[in-house]
Amino acid sequence: MSWPTVGDLLPRADEAWGIGDKLEGYVLNTEHADGGPKANYLSQALDIELADLAYLEAEIAEGARSQPITGVRGNEPYGVTCEVVMPIQGLRNHNDRVVDLLTIWELRDQSATPRLVTAYPDR
């Protein structure tokens with residue numbers, strides 16, 4: 001499948017969905033078995049916690065619109081997944097720090113809006 005390609009912007013990124021739900025239930029959830037280590041890292045490295053959900057959601061939405069696709073994989077029968085790496089600035093005492101966050105987006109077909117599958121520090 002030639003669509004989308006590395007270097008392109010995420011198709012229909014301005015309509016991306018699932019960001020807040022994925023952050024709340026997984027990426028910023030310290031109690032989640034898989035998400036907990038991600039949440040702990042974001043807290044320690046950037047001082048971003050569940051209370052900062054709106055901030056991180058806005059940063060990811062902006063990154064989805066402005067950062068190029070860095071990887072594409074087939075995800076049959078669910079279309080493709082696109083990798084987008086975006087810089088995230090820390091908050092409060094860590095506002096001088098920036099960490100690259102790797103995000104994965106599902107695109108079911110060429111007319112689909114992207115859905116956030118996961119996000120984690122790209123260390």
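H94 sits in the loop between β2 and β3, with helices (H or I, at least four residues) and strands (E, at least two) taken as DSSP runs and numbered from the N terminus. At 18% relative accessibility, H94 counts as buried; buried means under 20% relative accessible area, exposed over 50%, and partly exposed in between, with a 1.4 Å probe and protein chains only. Leaving aside residues up to four places away in sequence, H94 touches S43, Q44, A45, L46 and D47, where contact means heavy atoms within 4.5 Å.

A word on the ground rules. The model is predicted, so local features need pLDDT of at least 70 and side-chain atom pairs count only at pLDDT 80 or more, while totals for chains, interfaces and linings use all residues. Residues are numbered from 1 along each chain as its sequence is written, and side-chain values use heavy atoms, with hydrogens and water left out.

Zooming out, the protein chain has three helices and four strands, laid out along the sequence as α-α-α-β-β-β-β. Its radius of gyration is 14 Å, close to the 14 Å that the globule rule gives for 123 residues, so the protein chain is as compact as a globular protein of that length. Here the radius is taken over C-alpha atoms, and the rule is 2.2 Å times the number of residues to the power 0.38. The C-alpha trace spans about 45 × 30 × 25 Å along its principal axes. Of the 123 residues, 44% are buried. Among contacts between residues at least 6 apart in sequence, 53% join residues at least 24 apart.

Next up is helix α3, residues 53-66. Its 14 residues reach 20 Å from the first C-alpha to the last, close to the 20 Å expected at 1.5 Å a residue; the expected span is 1.5 Å times one less than the number of residues. Buried in α3 are L53, L56, I60, A61, G63 and A64. These residues cover an arc of only 165° around the axis, which puts them on the same side of α3, the arc being that of the directions from the helix axis to the C-beta atoms. Their packing partners are α1 (19-27), α2 (35-46), β2 (80-89) and β3 (98-107).

Strand β2 is itself mostly covered, with seven of its 10 residues buried. It runs antiparallel to β1 (residues 69-74), and five bridges join the two; strands pair if DSSP finds at least two bridges between them. Within this pairing, G71 stands opposite E83 in β2. The hairpin of β1 and β2 has five residues between the strands, and G79 there takes a positive phi near 80°. On to β3: 10 bridges join it to β2, again antiparallel, and L101 in β3 is the bridge partner of M86.

N75 lies in the loop between β1 and β2 and is partly exposed, with a relative accessible area of 24%. Sequence neighbours up to four places away aside, N75 touches V80, T81 and E106. From N75 to D122 is 47 residues in sequence and 21 Å in space, C-alpha to C-alpha. T118, in strand β4 (residues 115-121), counts as buried at 12% relative accessibility. With residues up to four places away in sequence not counted, T118 touches K22, Y26, K38, L102, T103 and I104.
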